[in-house]
Amino acid sequence: MLVLTRRNKEAIMLGDDIKITILEIDNDRIKIGIEAPHATKIMRAELLTEIKNVNREATQTNLGFMQAINDTDTNQNISNNNEKKD
Amino acid sequence: MLIKTSTFGNLTINEDKIIIFKDGIPGFEDLKRFFIVILDQTKPFHWLQAVDEDIALPVISPFEINKGYSPVVDDAIFEELKLEREEDLLVLAVSVIPPDVTRMTANLAAPILINIAANLGKQVLIEGSDYQIRQPIFETVCGLMQGGVKHAGSDSTQ
């Protein structure tokens, strides 16, 4: 990992086309401006991690889920009907 | 082509049904070939099955979850998918269906886009939208399935 230290308003170039500028520093948060070609994917790192997690969890699906949906929905309807009677 | 799957058994598919994901999908970047499996028993969910590894992801149409669903997608993505006509675009949301099914979710913030004419696909991550990566969908799915759900006291038999 390349580590650089920047002050407020200073910038970093990535290649020829991407510019990262520190716009504001405020306690433990900094505002970062990113100028890059339109097609460049830019996202908060934790977003990508979460999407990977969702994809991996999705592959763990048990096919019994359809019956589970039917059972759960039936149970909810039973309790809803009981509530109405009260 | 014969594909062996633990979820669906052995499947014979036409090679022209194979969709190429040139970047794979997040978490499975090495898997470039997928196809869609439609199972009546699991509607409204369908499946994105990998060719080169035995994994399948349940997918659902995001428009069934949110009728007004309209993520903003850069034109560069449509170029990458070689999309020429709007009707060639299929949009799917990956679903997480845990053992506690009431907690099922769909990823509306990173839909899977497929050009069904060119058989090219890509999962597109949309920053800055209000759509959630884990959008709860249980109530909506129950509503969609209502025709098939047996209610207590009904006369229907298996």
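Let's start with one residue, Glu29 of chain B. At 33% relative accessibility, Glu29(B) counts as partly exposed. A word of caution before I go on: this is a predicted model.

What does Glu29(B) pair with? Its partner in a salt bridge is Lys52(A). The closest N and O atoms of the two are 3.6 Å apart. This pair crosses between chains. Lys52(A) sits in helix α1 of chain A. Glu29(B) sits in the loop between β3 (19–21) and β4 (33–37) of chain B. Lys52(A) is partly exposed too, with a relative accessible area of 24%.

Now the general point. Side chains of opposite charge can pair when their charged atoms come close.

How many salt bridges does the structure hold over all chains? The count is 14. I'll show two more of them.

Take Glu50(A) and Arg134(B). They form a salt bridge, with the closest N and O atoms 2.8 Å apart. Glu50(A) lies in helix α1 (residues 45–58) of chain A, and Arg134(B) in the loop between β10 and β11 (135–136) of chain B, so this pair joins two chains. Glu50(A) is partly exposed, at 25% relative accessible area. Arg134(B) is partly exposed as well, at 26%.

The next one stays in chain B. Glu80(B) and Lys122(B) meet through their side chains in a salt bridge, 2.9 Å from N to O. Glu80(B) lies in helix α2 and Lys122(B) in strand β10, so the pair ties together parts that are 42 residues apart in sequence. Are the two partners buried or exposed? Glu80(B) is partly exposed, at 30% relative accessibility. Lys122(B) is buried, with a relative accessible area of 8%; the cut-off for buried is under 20%. Both belong to a network of salt bridges, together with Lys22(B) and Asp23(B).

The largest pocket holds about 480 Å³ of space. It is lined by 21 residues. Which of them are closest to its centre? They are His38(A), Thr40(A), Lys41(A), Asp74(B) and Leu125(B). In chain B, α2 (75–80) and β10 (120–123) each supply at least two lining residues. The largest share comes from α2(B), with 3 residues. By type, the lining divides into 13 nonpolar, 3 polar and 5 charged residues.

The second largest pocket holds about 190 Å³. Its lining is Leu14(A), Ile18(A), Ile20(A), Ile30(A), Ile32(A), Ile34(A) and Ile42(A). Two elements of chain A give two or more residues each: β2 (18–26) and β3 (29–35). β3(A) gives the most, with 3 residues. Here the lining is 7 nonpolar, no polar and no charged.

Some of those isoleucines turn up again on the surface. Ile25(A), Ile30(A), Ile32(A), Ile34(A) and Ile42(A) form a nonpolar patch. Together they have about 420 Å² of accessible area. Which element gives the largest share of this patch? It is β3(A), with 3 residues. Ile34(A) is placed in that strand. At 41% relative accessibility, Ile34(A) counts as partly exposed.

Step back to chain A as a whole. It has 2 helices and 3 strands. Along the sequence, the pattern reads β-β-β-α-α. Chain A has 86 residues, and 21% of them count as buried.

Last, some backbone details to look at on the screen.

In chain B, the peptide bond from Lys43(B) to Pro44(B) is cis, with omega near 10 degrees. Where is Pro44(B)? Look in the loop between β4 and β5 (46–50) of chain B.

In chain A, look at Lys9(A). Its phi is near 80 degrees, a positive value in a residue other than glycine. Lys9(A) is found in the segment before β1 (11–14). It counts as exposed, at 58% relative accessibility.

Then there is Asn27(A). Its phi is positive, about 55 degrees, although it is not a glycine. Asn27(A) is placed in the loop between β2 and β3 of chain A. At 79% relative accessibility, Asn27(A) counts as exposed.

Technical notes. Residues are numbered from 1 along each chain as its sequence is written. Chains are lettered from A and ligands numbered from 1 in the order in which they are written. This is a predicted model: local features need pLDDT of at least 70, side-chain atom pairs count only at pLDDT 80 or more; totals for chains, interfaces and linings use all residues. Side-chain values use heavy atoms; hydrogens and water are left out. On a 1 Å grid over the protein atoms alone, a cavity is a set of points where a 1.4 Å probe fits but cannot get out, and a pocket is an open set with protein on both sides within 12 Å along at least five of seven lines; lining residues have an atom within 4 Å of a point. Grid points are joined across faces, edges and corners, and a volume is the space filled by probe spheres set on the points. Helices (H or I, at least four residues) and strands (E, at least two) are DSSP runs, numbered from the N terminus. Ala, Val, Leu, Ile, Met, Phe, Trp, Tyr, Cys and Pro count as nonpolar, Asp, Glu, Lys and Arg as charged, and the others, Gly among them, as polar. Patches are made of residues with over 30% relative accessible area and no salt bridge: like charges are joined within 9 Å, nonpolar side chains (Val, Leu, Ile, Met, Phe, Trp, Tyr) within 5 Å. Accessible areas come from the Shrake-Rupley method with a 1.4 Å probe; for residues, only the protein chains shown count as cover. A salt bridge is a side-chain nitrogen of Lys or Arg within 4 Å of a carboxyl oxygen of Asp or Glu. Buried means under 20% relative accessible area, exposed over 50%, partly exposed in between (1.4 Å probe, protein chains only).
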